[in-house]
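Here are my notes on the model you sent over. Have it open while you read, and go through the points in order.

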Amino acid sequence: MQVLHVCSEIFPLLKTGGLADVIGALPAAQIAAGVDTRILLPAFPDLKKGIANTQRVATRQTFAGEIELYYGHFNGVGIYLIEARGLYDRPGSPYHDQSLYAYADNYLRFALLGWVGCELACGLDPFWRPDVVHAHDWHAGLACAYLAARGRPAKSVFTVHNLAYQGLFQAHHLEHIQLPWSFFSMYGLEFHDQISYLKAGLFYADHVTAVSPTYAREITHPEFGYGMEGLLLQRQQEGTLSGILNGVDPGIWDPAHDLLLTAHYNRDVLDAKTENKRQLQTTMGLKIDDKAPVFAVVSRLTMQKGLDLVLEALPDLLEQGGQLVVLGAGDALLQQGFLAAAAQYPGQVGVQIGYHEAFSHRILGGADVIMVPSRFEPCGLTQLYGLKYGTLPLVRRTGGLADTVNDCSLENLADGIASGFVFADSKVDSLKHAIRRAFVLWSRPLLWRYVQRQAMGMDFSWQVAALAYRELYQRLF
């Protein structure tokens, strides 16, 4: 079976979020599981630099002008790059300029991505043709629509990584991207009189997946559906919506071999984690104290992530003897709030605004608790990294957080499955109660160590996800 992933970023060459981590790991795991897998990406500058020795596969005149398709390899995976003059070779992120304004021609840039995905299924590369086109998030959603318009030359799967981002564009652009006007309807890609690239994937794909089983259920309800819940409920009832949990790449996230850590440790030998904690406390200007639990936040600083609740609960956390480390950037008010807290509580709160991949490893290696109190979370990777590093997750029960973290209740402790702290609703009192339970467990070092080992023993490898996707692909035929 031959599978083409259509997407817009890949770790470590280009990353704006968790999608890049998925594309950086899942295709390689699929190849290891016996699936002939390749990736299609726009030729963004960072990707062109990182994928060397490419060869031209094809040249085409398209609605976006002349394009060239190149093929190369990265980390053992075949990569197609779309070279389109003026469309992708720009400064800034893949989606907006350096002033954070979305590019006005994004409708064209990402329509072309979907179109080339479909053309590959029609034989654009004479030596390789996918049986399945697997599109990711709104940037690739039109691939499913183009396949439908061409008579479905390949099966299609569309994965929702975050339903909040929908790729909405004005309806008149439809005439510029070579899709029939019949597709602009409620039973198509129309959404409130606009074109939704996300809805194109949700409606036209042969199967839709979300990045966790719980999120797949949640998005069929108005609270999480962003107006798409009716369509998603219908797909669920048809049996064409499911959830497959993301994984962790052990080649990148493994405390026994992580070169970014001061000291290495594993599930059986955890004492060295203390060395990482002292280094983290020193780096962040915290009081060096092995007995003070270090709570950490590594996240985009947004309301979605529930970090306003962390600020509200912070005085209680510090009064109980805890410390807080924050790494992230985002909402200006949240940034200011955490910086103010660092100034107000020197030696107890350390804040680094921005995102540094290497520093995120050091935080996870040194902290005791990783906080992910999200209002919604499609899958979440941070809590998975926390489990892998014996840094117990404190999470809200939503999306992938609910699927991956087992609360340290008496029953779960007795059953040997406890792995973190879970609270039910987005209220500060609920978060405070979860923090209090973390301190209670912390006061029992042997029990804390027992839970750490349970957490580190959980299997969230990409091999599990790769097999689940292979079974899904096979069911489509």
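1. Start with the open sheet: three strands in the order 8-10-9, with antiparallel pairing. Strands here are DSSP runs of E with at least two residues, helices are runs of H or I with at least four, and both are numbered from the N terminus. Two strands pair if DSSP finds at least two bridges between them. Strand 8 (168-170) and strand 9 (190-191) are the edge strands, each pairing on one side only.

2. A word on the source: this is a predicted model, where local features need pLDDT of at least 70 and side-chain atom pairs count only at pLDDT 80 or more, while totals for chains, interfaces and linings use all residues. Residues are numbered from 1 along each chain as its sequence is written, and side-chain values use heavy atoms, with hydrogens and water left out.

3. Back to the strands. Strand 8 and strand 10 (residues 194-196) run antiparallel and are joined by three bridges. Look for Leu-168, which stands opposite Ser-196 in strand 10.

4. What lies across strand 8, strand 9 and strand 10? That's helix 5 (residues 197-204), running at about 60 degrees to strand 10. Angles run from 0 to 180 degrees between N-to-C directions, with axes fitted to C-alpha atoms, for helices over the stretch in contact (heavy atoms within 4.5 Å).

5. Now the lining of the second largest pocket: it divides into six charged, four nonpolar and three polar residues. Asp, Glu, Lys and Arg count as charged; Ala, Val, Leu, Ile, Met, Phe, Trp, Tyr, Cys and Pro as nonpolar; the others, Gly among them, as polar. Helix 17 gives the most to this lining, with four residues.
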